[in-house]
Amino acid sequence: MSWQPGQPVATEQDHKEWEQWRRDSNREAQRWRRARNPRIDYYPDPNADALISSLSGRFVGGDYSSVINRIVSEWAERCHRN
């Protein structure tokens, strides 16, 4: 590979090498994210689903992940004070 990151993409070969570098870079970034951010598949029962849906919406912090984080954080604060 003759093309290096930070260099201009001038030729067709440079473009092919840049595309390969970009794919490799994106894959490495995804591996890094997955190694540091656990993913939990969660299927709530109907009552939990209703609660989560009632607290979610089209606003900052209204996505399901943020709502579940808020519920768990508030529960931990109330029930597990150190």
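Which element gives the most to the lining of the largest pocket? That would be H3, with six residues.

## Ground rules

This is a predicted model, where local features need pLDDT of at least 70, side-chain atom pairs count only at pLDDT 80 or more, and totals for chains, interfaces and linings use all residues. Residues are numbered from 1 along each chain as its sequence is written, and side-chain values use heavy atoms, with hydrogens and water left out.

## Overall build

The protein has three helices and zero strands, running α-α-α from the N terminus on. The radius of gyration is 22 Å, well over the 12 Å that the globule rule gives for 82 residues, so the protein is more spread out than a compact globule. (That radius is taken over C-alpha atoms, and the rule is 2.2 Å times the number of residues to the power 0.38.) Helices here are DSSP runs of H or I with at least four residues, strands are E runs of at least two, and both are numbered from the N terminus.

Along the principal axes, the C-alpha atoms fill a box of roughly 60 × 30 × 20 Å. Buried residues (under 20% relative accessible area with a 1.4 Å probe, protein chains only) make up 10% of the 82 residues. Take the contacts (heavy atoms within 4.5 Å) between residues at least 6 apart in sequence: 3% of them join residues at least 24 apart.

## The largest pocket

About 460 Å³ of space lies in the largest pocket. Of the 15 residues that line this pocket, Ile 40, Tyr 42, Ser 65, Ile 68 and Asn 69 are the closest to its centre. H2 and H3 are the elements that give two or more residues to the lining, which divides into 11 nonpolar, two polar and two charged residues.

A pocket, on a 1 Å grid over the protein atoms alone with a 1.4 Å probe, is an open set of points with protein on both sides within 12 Å along at least five of seven lines; lining residues have an atom within 4 Å of a point. Grid points are joined across faces, edges and corners, and the volume is the space filled by probe spheres set on them. Nonpolar covers Ala, Val, Leu, Ile, Met, Phe, Trp, Tyr, Cys and Pro, charged covers Asp, Glu, Lys and Arg, and the others, Gly among them, are polar.

## Two residues to look at

Ser 56 sits in the loop between helix H2 (46–55) and helix H3 (64–79). Its side chain reaches the backbone oxygen of Ser 53 at 3.1 Å. Neighbours within four places in sequence aside, Ser 56 is in contact with Gly 62, Tyr 64 and Val 67.

Asp 24 belongs to helix H1 (residues 12–36). With a relative accessible area of 37%, Asp 24 is partly exposed, meaning between the buried limit of 20% and the exposed one of 50%.

Note on methods: Polar contact = N/O pair within 3.5 Å; in protein donor to acceptor, adjacent residues only side chain to side chain.
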